[in-house]
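User: I am new to this structure and would like to know what stands behind the terms used for it. Please take me through it step by step.

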Amino acid sequence: MPESILSVENLTKCFPTKQGLVRAIDGISFVMAPGDTLGLVGESGSGKTTTAQCIVGMYPPTSGDILFKGETIGAAFNRRPKHVKGDLRIVFQDPGSSLNPKRTIKQILSVPLAVHRVGTSRDRLARMKALLEMVELPADEYLYKYPQAIGGGEKQMVALARALATNPSLVLLDEPTSALDVSVQAKIINLLIRLRRELNLTYLFITHDLSLMRNVASRVAIMYLGKLCEIAPTVEFFEHPVHPYTKMLLSSIPVVSDEEEALKPHKAISKGEIPSPVNIPPGCSFHSRCSERGDSCAELDPEMREIAPGHVVRCNHWCGPEGE
Amino acid sequence: MALLEVKDLCVGYRIFEGHLRVLNRARLEVDSGERVGLVGETGCGKTTTVKSILRVLPTPPAEVASGEILYRGADILRMSHRGIRDLRRREMTAIFQDPLQSLNPMFTVGTQLRDILKDSMGGRGRGRLSRREIEARCIAALHETGMPDPERIMHNYPSQLSGGMRQRVCIAEALSREAQLLLADEPTTNLDVTIQDQILRKLDELVDEKGTSVLIITHSMGVVRDLTQRMYIMYAGTMVETGRTKDLLAAPRHPYTQGLMESVPRLTGVGISDGIPGRIPNYLDPPSGCRFHPRCVHVMPVCKETAPEFFSVGEGHVVACYLYRS
């Protein structure tokens, strides 16, 4: 087992609301090795973003633990040591609202450098230019622009440059490309892959796009109603999906060629909707939509089981390599 | 004769900075009973096209500079107010991207559905429906979309429904009367894949049953592949390529389409290309000639001068690119 960079143990996050307790994250555990790209995939309302926000410290977890390089970082961000904040950065979904419209790109990029006291002010200007070059934006042209003057893809590149300003080792990417067109997305994704290689980054990539994960992630985790359903290395995940929800997701993807069509599982037809996280169904939370439901599923909440090296599934009905 | 024919449509917007020339001789045809897809990236003029067809573009700032939109041979742009109202009432129907914006938050689903049926069928004369019939039709329409418990949903407000349910209500509204042409503007963009799959399957079934012609606008190649027979690729206000969906997706010819197809992440895991260099042009000062030439890898001198006509590259497959001139 390689040394882990991030390990999440039994993380739970609840939000009390008027309607009742919302269990946004319900006891998830996973480990990330350095250099990993873990794709966290799920429908809206499954708790993907809350997971990222807990890890980055926007909320303190209700229970459970987050270990970053062996250090407990369960507390909210204002109690975290500063070096952890610099080492663990996040890029948000909508660059239009995560970049301050009243500040130039130079001002935006200078904040993390000032907060983390990187070099002198002259060094910082050089560093900002280097950062912009790193994300393939011509520095002299962009440094004094405002976010509204540049396109969506370029804004996301600036957001990425800001995240990289403090030389992080782990970057959380919260749906970084879902607001963008495919041709722009392709550019950003290639940039991300190149930066990962050059800067030895580890990514936790949150998305709802499984076909994107096929091309980017080294491991994929599926989340449903605050719980993880299946974690597997990418190739294994797409070739031998086990959990019925995974199969349903895979069969729902609209694809563009016959070769891809052949890869989709065809038995699992999508039905039903994600239940409200206020009253999660008893037993396996997926049983109301499951096509392979058995009698015990409504009562028995399945455990995470490792069925192959690195392939973990939470389902009552997995009975061996050949299935039933 | 085609059911809907858009001919050399030029639409622009007058804004403070000047004149945005968005649609530049856009053309489009939908035959009776045909399902057509219109694919393009953000800001290429897809929604402007649909809005011109429905004649709901706010003018000003929008203005139709030239071109015709023929519906069964009659020009929508020159129709009387009454004529276009009748057309929208009986012939055309639309589903928009955001169901929260197309449903009125102040009225129940039932009220809104009944109003639509009353307006299109509750008039005088033989076609008139009684209140009870309207009620039954509404429930049947909701039921058709796969909505559980339609009687209860009729009394719900849109805010009480989930995104997928709201979109089902919009589909029920659109298909509750026998329209000939359905315009669907990004009907599933806001939805999760599993819900998108359900909605599209239902839409597919219903359209098949009723024989409605469909123009579906989207940026997802996969959705078009599942739902349509023929497709158009749009770039910066012009159609760059059209053909049968299967042929076009299997062998895209226009450099833009090729770039777009290579950018789509595949389930086979073959990797993603670098995307298309550059950005969509500024409509205040669009490039001369072919609007794609500043981003094109095969650019030739002629591309900068005049916009290419359509050149045929296969059965029903035409491309607006000088590479296929011969």
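Predicted model: local features only at pLDDT ≥ 70, side-chain atom pairs only at ≥ 80, totals over all residues.

User: What holds paired strands together in general?

Analyst: Strands of a sheet pair through backbone hydrogen bonds, either parallel or antiparallel.

User: Which strands does β1 of chain B pair with?

Analyst: β1 (residues 4–15) pairs with β2 (residues 18–30) of chain B in the antiparallel sense, over nine bridges. A hairpin of two residues joins β1(B) to β2(B). B:Val11 has B:Leu23 in β2(B) as its bridge partner. β1(B) also pairs with β4 (residues 62–71) of chain B, antiparallel, over eight bridges. There, B:Tyr13 stands opposite B:Ala62.

User: Where are the cis peptide bonds around B:Pro60?

Analyst: One runs from B:Thr59 to B:Pro60, with omega near -20 degrees. Another joins B:Pro60 and B:Pro61, with omega about 5 degrees. B:Pro60 sits in the loop between α1 (46–54) and β4 of chain B. B:Pro61 lies in that loop between α1 and β4 as well.

User: Turn to chain A. What is its secondary structure?

Analyst: Chain A has 12 helices and 12 strands.

User: Why does the radius of gyration of chain A agree with a compact globule?

Analyst: For 324 residues, a compact globule would have a radius of gyration near 20 Å. Chain A has 21 Å, so the two agree. Along the principal axes, the C-alpha atoms of chain A fill a box of roughly 70 × 45 × 45 Å. Of the 324 residues, 47% count as buried. Among contacts between residues at least 6 apart in sequence, 61% join residues at least 24 apart.

User: Why is A:Leu225 called buried?

Analyst: A residue is buried if 20 or more other C-beta atoms lie within 10 Å of its own. A:Leu225 has 23 within 10 Å, so it is buried. A:Leu225 is in the loop between β9 (219–224) and β10 (227–233) of chain A. Its phi is positive, about 50 degrees, although it is not a glycine.

User: Why is A:Glu239 called exposed?

Analyst: The cut-off for exposed is 12 or fewer. A:Glu239 has 9 other C-beta atoms within 10 Å, so it is exposed. A:Glu239 lies in helix α10 (residues 234–239) of chain A. The C-alpha atoms of A:Glu239 and A:Arg289 are separated by 22 Å, and these residues are 50 apart along the chain.

User: Why does A:Asn10 count as partly exposed?

Analyst: Partly exposed covers the counts between the buried and exposed cut-offs. A:Asn10 has 13 C-beta neighbours inside 10 Å, so it falls between them. A:Asn10 lies in β1 (residues 6–17) of chain A. Its phi is near 55 degrees, a positive value in a residue other than glycine.

User: How many residues does each chain give to the contact between A and B?

Analyst: Chain B gives 36 residues and chain A gives 33. On the side of chain B that touches chain A, the elements giving two or more residues are α8 (193–210), α9 (221–227) and α11 (255–263) of chain B. α8(B) gives the most, with six residues.

User: What kinds of residue make up that side of chain B?

Analyst: The side of chain B that touches chain A divides into 12 nonpolar, 16 polar and eight charged residues.

Note on methods
Residues numbered from 1 in each chain as written. Chains lettered and ligands numbered in written order. Helix = DSSP H or I, 4+ residues; strand = E, 2+ residues; numbered from the N terminus. Rg over C-alpha atoms; globule rule 2.2 N^0.38 Å. Contact = placed C-beta atoms within 7 Å. Nonpolar A, V, L, I, M, F, W, Y, C, P; charged D, E, K, R; others polar. Pairing = 2+ DSSP bridges.
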